[in-house]
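Me: I'm new to reading protein structures, and I'd like a close look at one part of this one. Could you take me through the residues packed away inside it, and show me how they fit with the rest of the chain?

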Amino acid sequence: MRTHRIRVLLFLLLALLGATACNRTAENGNANDSNVIVVNAPATGVVKRILVAEGVRVNAGTPIIEITAQAEVPVVGQKPVESAEGQAVRNYKTADTEIEAARSEAVRHEAEVARLTPLVASGEASQGQLDGERGLYEQAQRRLQQAQEAKRIAEGGLIAARQPGQVQGNNRPAIQQTVVPALTTSPGIVSVIGVRVGEQVKAGQALATLRTDQ
(Lines give C-alpha, C1' and ligand atoms only; values in the text may rest on other atoms or scores of the structure.)
Protein backbone atom coordinates (compact mmCIF):
# COMPACT_ATOMS: atom_id res chain seq x y z
CA MET A 1 0.00 0.00 0.00
CA ARG A 2 2.81 2.43 0.91
CA THR A 3 4.64 1.61 -2.35
CA HIS A 4 1.50 2.40 -4.36
CA ARG A 5 1.13 5.82 -2.66
CA ILE A 6 4.77 6.68 -3.35
CA ARG A 7 4.29 5.83 -7.04
CA VAL A 8 1.19 8.05 -7.24
CA LEU A 9 3.03 10.99 -5.61
CA LEU A 10 5.99 10.60 -7.99
CA PHE A 11 3.63 10.55 -10.98
CA LEU A 12 1.88 13.74 -9.83
CA LEU A 13 5.24 15.47 -9.24
CA LEU A 14 6.50 14.59 -12.74
CA ALA A 15 3.25 15.82 -14.32
CA LEU A 16 3.55 19.15 -12.47
CA LEU A 17 7.18 19.62 -13.62
CA GLY A 18 6.21 18.83 -17.23
CA ALA A 19 3.41 21.42 -17.24
CA THR A 20 5.77 24.09 -15.86
CA ALA A 21 8.34 23.37 -18.58
CA CYS A 22 5.67 23.64 -21.30
CA ASN A 23 4.50 27.02 -19.99
CA ARG A 24 8.09 28.33 -19.99
CA THR A 25 8.61 27.08 -23.55
CA ALA A 26 5.41 28.80 -24.71
CA GLU A 27 6.42 32.04 -23.03
CA ASN A 28 9.85 31.92 -24.68
CA GLY A 29 8.24 31.27 -28.07
CA ASN A 30 6.00 34.36 -27.71
CA ALA A 31 8.99 36.49 -26.76
CA ASN A 32 10.87 35.38 -29.86
CA ASP A 33 7.87 36.19 -32.10
CA SER A 34 7.89 39.77 -30.82
CA ASN A 35 11.43 40.20 -32.20
CA VAL A 36 10.34 39.62 -35.81
CA ILE A 37 9.95 42.74 -38.02
CA VAL A 38 8.16 42.53 -41.36
CA VAL A 39 9.18 44.85 -44.21
CA ASN A 40 6.13 45.54 -46.40
CA ALA A 41 5.87 46.88 -49.94
CA PRO A 42 5.24 50.66 -49.91
CA ALA A 43 3.55 50.54 -53.33
CA THR A 44 2.26 48.18 -56.02
CA GLY A 45 4.81 47.43 -58.72
CA VAL A 46 7.68 45.17 -59.79
CA VAL A 47 10.74 44.29 -57.70
CA LYS A 48 13.65 46.10 -59.35
CA ARG A 49 16.56 45.33 -57.01
CA ILE A 50 17.26 43.47 -53.76
CA LEU A 51 19.73 45.68 -51.93
CA VAL A 52 20.59 43.57 -48.85
CA ALA A 53 21.34 39.86 -48.55
CA GLU A 54 19.99 37.50 -45.90
CA GLY A 55 22.06 37.43 -42.72
CA VAL A 56 23.23 41.05 -43.02
CA ARG A 57 22.79 43.43 -40.07
CA VAL A 58 21.04 46.72 -41.00
CA ASN A 59 20.09 49.96 -39.25
CA ALA A 60 16.64 51.53 -39.05
CA GLY A 61 15.70 53.28 -42.28
CA THR A 62 17.93 51.07 -44.47
CA PRO A 63 16.46 50.36 -47.95
CA ILE A 64 16.01 46.59 -48.38
CA ILE A 65 14.24 46.28 -51.73
CA GLU A 66 13.53 48.70 -54.59
CA ILE A 67 10.16 48.58 -56.37
CA THR A 68 9.37 50.14 -59.74
CA ALA A 69 5.85 51.54 -59.42
CA GLN A 70 3.70 52.85 -62.25
CA ALA A 71 1.38 55.75 -61.46
CA GLU A 72 -1.27 57.22 -63.70
CA VAL A 73 -1.90 60.94 -63.61
CA PRO A 74 -5.40 61.30 -62.08
CA VAL A 75 -8.14 61.76 -64.71
CA VAL A 76 -11.17 61.06 -62.53
CA GLY A 77 -14.26 62.78 -63.86
CA GLN A 78 -12.63 63.78 -67.16
CA LYS A 79 -15.07 64.49 -69.97
CA PRO A 80 -14.43 63.71 -73.64
CA VAL A 81 -14.76 67.39 -74.50
CA GLU A 82 -12.00 68.46 -72.09
CA SER A 83 -9.21 70.28 -73.85
CA ALA A 84 -5.60 69.18 -73.76
CA GLU A 85 -4.78 72.44 -72.01
CA GLY A 86 -7.37 71.83 -69.29
CA GLN A 87 -5.94 68.35 -68.67
CA ALA A 88 -2.41 69.75 -68.51
CA VAL A 89 -3.47 72.44 -66.02
CA ARG A 90 -5.02 69.82 -63.75
CA ASN A 91 -1.85 67.68 -63.91
CA TYR A 92 0.23 70.71 -62.99
CA LYS A 93 -1.96 71.50 -59.97
CA THR A 94 -1.85 67.88 -58.80
CA ALA A 95 1.96 67.90 -58.94
CA ASP A 96 2.08 71.23 -57.12
CA THR A 97 -0.12 69.86 -54.32
CA GLU A 98 2.14 66.81 -53.98
CA ILE A 99 5.19 69.05 -53.68
CA GLU A 100 3.65 70.96 -50.79
CA ALA A 101 2.69 67.74 -48.98
CA ALA A 102 6.16 66.22 -49.48
CA ARG A 103 7.92 69.41 -48.37
CA SER A 104 5.79 69.56 -45.20
CA GLU A 105 6.65 65.94 -44.40
CA ALA A 106 10.36 66.55 -44.95
CA VAL A 107 10.34 69.64 -42.68
CA ARG A 108 8.55 67.70 -39.93
CA HIS A 109 11.04 64.82 -39.92
CA GLU A 110 14.00 67.19 -40.20
CA ALA A 111 12.82 68.98 -37.05
CA GLU A 112 12.45 65.64 -35.27
CA VAL A 113 16.01 64.66 -36.24
CA ALA A 114 17.24 67.97 -34.85
CA ARG A 115 15.31 67.37 -31.61
CA LEU A 116 16.56 63.80 -31.11
CA THR A 117 20.23 64.44 -31.91
CA PRO A 118 21.11 66.14 -28.57
CA LEU A 119 18.87 63.69 -26.68
CA VAL A 120 20.83 60.75 -28.09
CA ALA A 121 24.08 62.46 -27.09
CA SER A 122 22.81 62.85 -23.51
CA GLY A 123 21.38 59.32 -23.34
CA GLU A 124 17.74 60.45 -23.13
CA ALA A 125 16.84 58.89 -26.51
CA SER A 126 18.08 55.82 -28.37
CA GLN A 127 20.18 55.75 -31.51
CA GLY A 128 17.49 53.60 -33.12
CA GLN A 129 14.93 56.39 -32.76
CA LEU A 130 17.30 58.86 -34.38
CA ASP A 131 18.16 56.46 -37.22
CA GLY A 132 14.47 55.83 -37.83
CA GLU A 133 13.71 59.55 -38.11
CA ARG A 134 16.68 60.05 -40.43
CA GLY A 135 15.33 57.28 -42.65
CA LEU A 136 11.88 58.92 -42.73
CA TYR A 137 13.47 62.29 -43.52
CA GLU A 138 15.43 60.80 -46.43
CA GLN A 139 12.27 59.10 -47.70
CA ALA A 140 10.41 62.42 -47.57
CA GLN A 141 13.25 64.07 -49.48
CA ARG A 142 12.98 61.44 -52.22
CA ARG A 143 9.23 61.98 -52.36
CA LEU A 144 9.82 65.71 -52.74
CA GLN A 145 12.30 65.15 -55.59
CA GLN A 146 9.84 62.87 -57.38
CA ALA A 147 7.06 65.45 -56.98
CA GLN A 148 9.30 68.20 -58.34
CA GLU A 149 10.17 66.03 -61.35
CA ALA A 150 6.44 65.40 -61.92
CA LYS A 151 5.84 69.14 -61.85
CA ARG A 152 8.54 69.72 -64.47
CA ILE A 153 6.89 67.11 -66.69
CA ALA A 154 3.50 68.76 -66.14
CA GLU A 155 4.96 72.15 -67.06
CA GLY A 156 6.24 70.69 -70.33
CA GLY A 157 2.82 69.21 -71.03
CA LEU A 158 1.14 72.53 -70.33
CA ILE A 159 3.47 74.37 -72.72
CA ALA A 160 2.87 71.77 -75.43
CA ALA A 161 -0.91 71.92 -74.91
CA ARG A 162 -0.90 75.67 -75.48
CA GLN A 163 0.76 75.30 -78.87
CA PRO A 164 -1.53 75.84 -81.89
CA GLY A 165 -3.08 72.80 -83.56
CA GLN A 166 -3.29 70.53 -80.48
CA VAL A 167 -5.93 67.76 -80.57
CA GLN A 168 -8.77 68.27 -78.09
CA GLY A 169 -10.19 65.68 -75.73
CA ASN A 170 -7.22 63.39 -75.17
CA ASN A 171 -8.45 60.80 -72.65
CA ARG A 172 -5.28 58.71 -72.33
CA PRO A 173 -3.68 59.16 -68.88
CA ALA A 174 0.04 59.78 -68.63
CA ILE A 175 2.07 56.95 -67.09
CA GLN A 176 4.98 57.68 -64.78
CA GLN A 177 7.45 55.14 -63.41
CA THR A 178 9.04 55.80 -60.04
CA VAL A 179 11.42 53.72 -57.93
CA VAL A 180 10.13 53.31 -54.37
CA PRO A 181 12.36 51.79 -51.64
CA ALA A 182 11.06 49.45 -48.92
CA LEU A 183 12.75 50.60 -45.69
CA THR A 184 13.32 48.95 -42.32
CA THR A 185 11.72 50.54 -39.26
CA SER A 186 14.16 49.10 -36.70
CA PRO A 187 17.72 47.76 -36.66
CA GLY A 188 18.24 44.02 -36.90
CA ILE A 189 19.47 41.10 -39.01
CA VAL A 190 17.79 40.27 -42.33
CA SER A 191 16.28 36.84 -41.80
CA VAL A 192 14.31 36.09 -44.98
CA ILE A 193 13.93 37.78 -48.37
CA GLY A 194 10.58 36.57 -49.68
CA VAL A 195 10.56 38.00 -53.22
CA ARG A 196 12.71 37.90 -56.35
CA VAL A 197 13.77 40.50 -58.89
CA GLY A 198 11.06 40.93 -61.53
CA GLU A 199 8.27 39.72 -59.26
CA GLN A 200 4.99 41.67 -59.18
CA VAL A 201 4.03 42.81 -55.65
CA LYS A 202 1.11 44.69 -54.13
CA ALA A 203 1.16 47.56 -51.67
CA GLY A 204 1.36 46.21 -48.10
CA GLN A 205 2.67 42.79 -49.19
CA ALA A 206 5.36 41.26 -46.94
CA LEU A 207 8.72 41.40 -48.72
CA ALA A 208 11.23 40.45 -46.01
CA THR A 209 11.60 39.74 -42.28
CA LEU A 210 14.20 40.87 -39.76
CA ARG A 211 15.25 39.69 -36.31
CA THR A 212 15.92 42.41 -33.78
CA ASP A 213 18.61 42.21 -31.11
CA GLN A 214 16.09 42.66 -28.29
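Reply: Happy to! Of the 214 residues in this chain, 29% count as buried. Keep in mind as you look that this is a predicted model. Its secondary structure comes to three helices and eight strands, and along the sequence they follow the pattern α-β-β-β-β-α-α-β-β-β-β.

Now for the inside. The largest nonpolar core has 17 residues, and Ile64, Ile65, Val190, Val201 and Leu207 touch the most other members. The elements that give two or more residues to this core are β1 (36-40), β4 (63-72), β6 (188-193) and β8 (206-211). As a general idea, nonpolar side chains tend to be buried together in soluble globular proteins.

Let's zoom in on Val190, which sits in strand β6. Is Val190 buried or exposed? Its relative accessibility is 2%, and because buried means under 20%, Val190 counts as buried. Leaving aside neighbours within four places in sequence, Val190 is in contact with Val52, Ala53, Glu54, Gly55, Val56, Val58, Ile64, Thr209 and Leu210. Across the chain, among contacts between residues at least 6 apart in sequence, 76% join residues at least 24 apart.

Not counting residues up to four places away in sequence, Val201 touches Ala41, Ala43, Thr44, Gly45, Val47, Ile67, Val195 and Leu207.

How do the strands line up? β6 belongs to an open sheet of four strands in the order β1-β8-β6-β3, with antiparallel pairing. The edge strands are β1 and β3 (57-58), each of which pairs on one side only. β1 and β8 pair over five bridges in the antiparallel sense, and Asn40 stands opposite Ala206 in β8.

There is also a second, separate core of five residues, including Val113, Leu116, Ala125 and Leu130. While you are in that part of the sequence, have a look at helix α2, which covers residues 84-122. At 1.5 Å a residue, its 39 residues should span 57 Å, and the end C-alpha atoms are 58 Å apart, so the two values agree. Just after α2, Gly123 takes a positive phi of about 85°.

Terms used. Residues are numbered from 1 along each chain as its sequence is written. This is a predicted model: local features need pLDDT of at least 70, side-chain atom pairs count only at pLDDT 80 or more; totals for chains, interfaces and linings use all residues. Side-chain values use heavy atoms; hydrogens and water are left out. A nonpolar core is a set of buried Ala, Val, Leu, Ile, Met, Phe, Trp, Tyr and Cys residues joined through side-chain atoms within 4.5 Å. Buried means under 20% relative accessible area, exposed over 50%, partly exposed in between (1.4 Å probe, protein chains only). Contact means heavy atoms within 4.5 Å. The expected span of a helix is 1.5 Å times one less than its number of residues. Two strands pair if DSSP finds at least two bridges between them.
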